[in-house]
Amino acid sequence: MKTIKLYTILFMVMFLVVSCGGAQVAEEPAVEDTSAEEVDSQESETADEEMEEPMDEEITMSYFMWDPSFEETEQIMVDKFMAENPNVTIDFQVIGTPDYWTKLEALSAADDLPCVFNMSAGFVDQWISDGLLYDIQPYVDADINPDDYFTGVFDVVRNKSTGNMHAFPFAFVETVMFYNKDAFDAAGVPYPAEGWTWDEFLTAAQALTVDEGDDGVVEQYGFWFYGRYAHIESWVYQNDGRLLNEDATRFAADDNAVEALSFLDSLIHEHGVAPEPKEMEGIRQQDVFPLGLAAMWVDGAWNINGNRETIGDDFDWGIAPIPRGPQAAGDTAYGWPDSMAIGANCPHPDLAWEFINFMTGPERTIDLTFGGKIPIYSPVANSEEFLEADQLPDNKGFLLEWANNTGPTTFTPGWGEWRGYTDGAGFEGQIDEVFNGEADLETALSNITEYANGVLERFYP
Amino acid sequence: MRHGKITPYLFILPTIIGVFVFRLGPTAVAAYASFTRWNVRTPPEFLALGNYIELINNETFWLVFRNTLLFTAIFVPGVMIISLLMAMMVNQKLPGIAFFRGLYFLPYITAMVAVAMVWRWIFATRFGVLNYVLTNFFMVADPPAWLADKTWALPSLAIVAIWKQVGFQMLIFLAGLQGIPATLYEAAAIDGASKTKQFFNITLPLLSPITFFIFIITVIDAFKTFEVTFAMTGGGPNNASTTLAFYIYQNAFTFGRMGYASALAMFLMLIVGAATFISFRLKDRLVDYAL
Amino acid sequence: MTTNYSTSSNTTFLNKVQSMINLRLLRSSMAYVFLIVFAFTTIFPFLWMISTTLKSRGAIFSLPPTLIPDLLFQEGMWDAYVEVWTQHNFLRYTLNSFFVAGAAAVGQLVTASMAGFAFARMKFRGSGFFFALLLSTTIIPVEVVIIPEFLLMARLNWLDTYLPLIVPSFLAASFGTFMLREFFATVPEALVEAAVLDGATTFQIYKDIFLPISIPAMTTLFLIAFINNWNELLRPVLYISTPELRTVTIGITTFQNEFGAQWNLLLAAAVISVLPLIIIYIFAQRYVVEGIATTGLK
């Protein structure tokens with residue numbers, strides 16, 4: 001009895017605390033605003049002074065970056081900028097990818113976003129609609145010569161309603177077909193050529209599928225894929241298909257998209273030239289091709305770096321276009337940028353832009369760019385160095401041609417959730433059930449549509 | 001024991017201050033957040049019961065809840081039995097026993113990312129150690145794709161979680177076993193009680209307060225397990241291995257739905273709170289304090 | 001006859017001893033078999049981890065996987081460790097972690113033993129209520145309280161200091177309080193009564209009876225608190241920005257990037273980070289197992 005009484009009291013107090021907590025939260029912004037104002041007023045003071053005496057004022061500005069493996073290289077860029085701007089100190093911080101977003105969100109909640117930070121294509125719509133990214137269109141109009149940049153991927157970082165840019169790409173990637181040249185030679189199949197079709201691809205894949213001793217255990221598959229965005233969307237676009245409606249507010253796979261999905265499924269279950277995804281469980285997805293388990297693979301060009309490392313001298317490989325589907329009139333490449341954004345409350349937006357402009361321009365040479373990503377500044381991308389002639393693939397220049405075909409993407413607010421980007425649920429989970437032979441395409445598509453639109457309705461009621 | 005009126009309050013004061021400021025404060029905010037739409041980045045927007053209504057009508061949530069119960073049903077007995085067994089094994093006076101005590105504790109202190117990498121290899125479909133053993137020594141023709149299999153993913157995770165966790169419970173059991181006076185066993189041995197009898201008549205009853213404590217924290221652990229899922233399957237395939245704590249993490253940080261995540265957390269608190277409450281009520285009947 | 005008798009009795013006695021030794025031998029060898037089987041399952045992944053750190057980058061994911069590393073006794077065998085140790089200031093990170101985990105763990109011993117003692121042995125109004133409150137805070141998942149906590153720390157101006165990592169763990173030791181409450185509850189009342197007769201104050205009873213008799217439990221709590229704080233990942237990443245203040249867990253995350261991880265480095269860092277814990281554990285377990293004996297209360 002006594003415990004019951006105590007628990008009753010506990011719950012009553014909990015509710016009391018909850019309601020007080022409510023009041024507390026309601027008060028919180030007000031209190032925080034004052035502190036924020038203090039900071040703001042201090043900083044706007046410095047900003048004012050900066051305008052009066054731009055050269056002498058000491059300014060510290062924070063810059064967050066998400067890739068620790070690239071820390072040293074990025075530090076070189078940061079140091080160069082500070083050398084050119086002696087009054088500026090860049091507080092440069094690198095946070096491991098898994099925790100980068102958590103930290104940014106916590107800082108955003110505390111109204112303490114860094115001035116400049118990396119922004120991914122998958123999240124940019126969300127951050128723009130939250131009003132957290134500074135509108136940089138005026139700077140872009142003033143300082144950027146469109147002829148010098150790959151403007152095709154700029155659409156990804158635009159506010160969908162105003163068309164203004166809220167982040168500036170520093171590099172971008174395209175999905176491509178990686179193929180094992182040694183395996184092609186062994187099977188006596190010609191290398192993929194520009195404009196090759198699904199039929200030609202299937203013929204090649206059949207020849208490249210090797211089952212030694214006919215024991216049912218395939219030693220080398222012709223191709224391999226699963227429900228991952230880079231694996232799927234690439235094929236949809238190459239059949240002139242669309243997964244979203246016109247204004248990208250709803251999931252609505254059109255006939256061409258469905259045709260692409262069912263072609264992919266037939267590779268597994270009809271032609272046996274690709275494994276069910278679950279067969280590859282336990283091997284990192286980016287290792288299947290380098291380990292020689294599949295002779296072809298479609299994924300982002302940034303894998304060039306990992307391929308070099310894992311394949312080593314094991315075999316010769318190259319990159320090629322993704323084959324065209326029956327409905328495709330021309331090529332549509334799937335590509336997106338990695339960008340830098342300015343926090344909406346950054347007290348030094350001019351300086352922040354100057355920094356971004358520096359970090360994304362001619363100073364970022366090939367040796368300071370992640371292998372397989374294309375620098376957004378085209379004179380650098382078109383330089384001899386970009387081809388990295390001493391390393392594989394020997395046709396790296398193909399990336400630049402392919403980039404001219406860059407078409408739409410499926411990025412929306414809530415993309416990560418409906419696409420199943422990190423959790424393998426949503427679109428990815430449903431379509432993987434089809435590829436694993438556990439569900440049929442029609443059911444999966446209706447589930448995906450319902451789930452994805454449930455997510456999208458939260459943003460576009 | 002007799003004591004001054006305010007003495008107990010002085011003893012609990014530091015802890016109570018800490019709990020109020022650093023735990024209950026944030027918990028209260030989370031409770032409030034459960035009635036809002038909050039993406040963390042921007043201020044919350046009041047929704048009243050919206051999150052709770054969504055939760056009840058959400059199929060994924062019920063799937064996740066079922067997964068959590070299944071996980072708990074494997075995890076709690078697994079951890080309790082194995083850790084007690086291990087504690088009794090390393091509580092023997094044998095040469096080199098300290099070495100084993102150390103080995104048994106290794107999984108608990110090793111970083112999850114590292115552990116996950118190894119276990120993913122063990123469970124791998126084609127080149128995994130487990131399937132290699134199954135096909136070559138037990139003649140299983142078509143072994144499952146463990147972590148990619150809708151039926152097996154969750155039990156596989158539970159096994160890894162048990163493996164990772166038992167060292168911790170073992171340590172507490174060990175401390176408990178040390179508290180049992182050796183004279184009791186000596187007396188029982190003189191009376192001719194077998195080892196089994198000694199276990200049921202001395203060890204279990206005298207260990208019951210500790211066992212109760214371990215049971216409660218193991219249940220809480222089971223409901224809060226997140227790291228294993230995060231590192232091994234990410235909740236896949238298609239949510240088959242998503243448990244409540246992982247689902248909360250996803251909603252809070254990947255989906256930007258802190259409000260909904262908070263509602264889920266309140267639900268979790270209610271369930272675990274109820275389980276704890278029932279356990280405490282049963283405790284008086286099952287637990288022997290040697291007072 | 002006497003000789004005869006004594007011989008036979010000796011034989012029986014010897015036989016008995018012999019069979020007892022046999023039984024003991026059998027028992028202990030059985031025990032070792034079990035111990036070793038268990039040990040194999042706990043150590044296998046750890047061995048694999050070490051093996052991976054001795055592999056070249058290309059060999060880490062080779063198929064079928066191999067336990068014997070390709071660089072074993074080759075040139076560059078220790079490259080991963082050298083790289084981890086020199087590229088990042090892991091010595092500094094380790095010392096930082098020692099400080100944070102040590103401070104938090106020692107603090108927990110003080111606060112949790114005091115509160116645990118009150119909850120276990122004193123009757124006072126609201127004890128059940130306060131205890132339930134305490135317990136309920138261990139149930140709430142950290143994911144939903146971390147942002148409010150972060151805002152609190154930001155307001156206290158504690159960001160980029162160790163205070164958010166130490167103070168809450170120090171003060172709000174719910175788990176430790178619960179644990180010590182259960183251990184203190186098992187201390188025989190007779191001991192307390194004897195002390196009361198001797199005129200001991202409540203504080204003396206706590207300090208001179210409960211603390212010494214609970215050395216195994218206290219050591220266990222210290223270990224657990226130390227390890228949990230050492231392995232804490234989310235909070236250090238959120239609260240610490242200055243590189244000099246990084247803890248080992250932050251150090252480990254620096255080997256994970258957008259496209260996966262540098263596994264040999266990451267695992268080398270994990271091995272480095274686990275070594276101090278093993279040492280502390282070996283040192284501490286003497287007190288877990290022999291604690292009672294040292295207090296003379298057997």
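**Exercise 1. State how far apart the centres of the two domains of chain C are, and describe their contact.**

Step 1. In this predicted model, the centres of domain 1 and domain 2 of chain C, taken over C-alpha atoms, are separated by 36 Å.

Step 2. Domain 1 of chain C covers 2-59 and domain 2 covers 79-295; such bounds come from an automatic or database domain assignment. Residues are numbered from 1 along each chain as its sequence is written, chains are lettered from A and ligands numbered from 1 in the order in which they are written, local features need pLDDT of at least 70 and side-chain atom pairs count only at pLDDT 80 or more, while totals for chains, interfaces and linings use all residues.

Step 3. Six residues of domain 1 of chain C touch eight residues of domain 2 of chain C, where a contact requires C-beta atoms, placed from the backbone, within 7 Å.

Step 4. On the side of domain 1 of chain C that touches domain 2, two residues are nonpolar, two polar and two charged. Here Ala, Val, Leu, Ile, Met, Phe, Trp, Tyr, Cys and Pro count as nonpolar, Asp, Glu, Lys and Arg as charged, and the others, Gly among them, as polar.

**Exercise 2. Summarise the make-up of chain C.**

Step 1. Chain C has 13 helices and two strands, which are DSSP runs numbered from the N terminus (helices H or I, at least four residues; strands E, at least two).

Step 2. Of its 298 residues, 49% count as buried, that is, 20 or more other C-beta atoms, placed from the backbone, lie within 10 Å of the residue's own.

Step 3. Among contacts in chain C with a separation of 6 or more, 75% join residues 24 or more positions apart.

**Exercise 3. Describe how H10(C) packs against H3(C) and against H7(C).**

Step 1. The axes of H3(C) (residues 90-121) and H10(C) (residues 215-231) come within 8 Å and cross at roughly 140°. Axes are lines fitted to C-alpha atoms, for helices over the stretch in contact, and angles run from 0 to 180 degrees between N-to-C directions.

Step 2. H3(C) and H10(C) are therefore oblique to each other; angles under 35 degrees are roughly parallel, over 145 roughly antiparallel, 65 to 115 roughly perpendicular and the rest oblique.

Step 3. The crossing of H3(C) with H10(C) is right-handed: the near helix is turned clockwise from the far one by less than a right angle. The residues of this contact are 12 nonpolar, five polar and no charged.

Step 4. H7(C) (residues 174-185) and H10(C) have axes that come within 10 Å and cross at roughly 165°, and these helices are therefore roughly antiparallel.

Step 5. H7(C) also crosses H10(C) in a right-handed manner. Gly176(C), Met179(C), Leu180(C) and Phe183(C) of H7(C) meet Ala217(C), Leu221(C) and Ala225(C) of H10(C). These residues divide into six nonpolar, one polar and no charged.

**Exercise 4. Describe the sides of chain B that touch chain C and chain A.**

Step 1. Chain B has 80 residues in contact with 82 residues of chain C. H1(B) supplies the largest share of this side of chain B, 19 residues.

Step 2. The side of chain B that touches chain C holds 61 nonpolar, 15 polar and four charged residues.

Step 3. The contact with chain A takes 36 residues from chain B and 34 residues from chain A. H1(B) gives the most to this side of chain B, with five residues.

Step 4. The side of chain B that touches chain A consists of 19 nonpolar, 12 polar and five charged residues.

Notes: A residue is buried if 20 or more other C-beta atoms lie within 10 Å of its own, exposed if 12 or fewer, and partly exposed in between; C-beta atoms are placed from the backbone.
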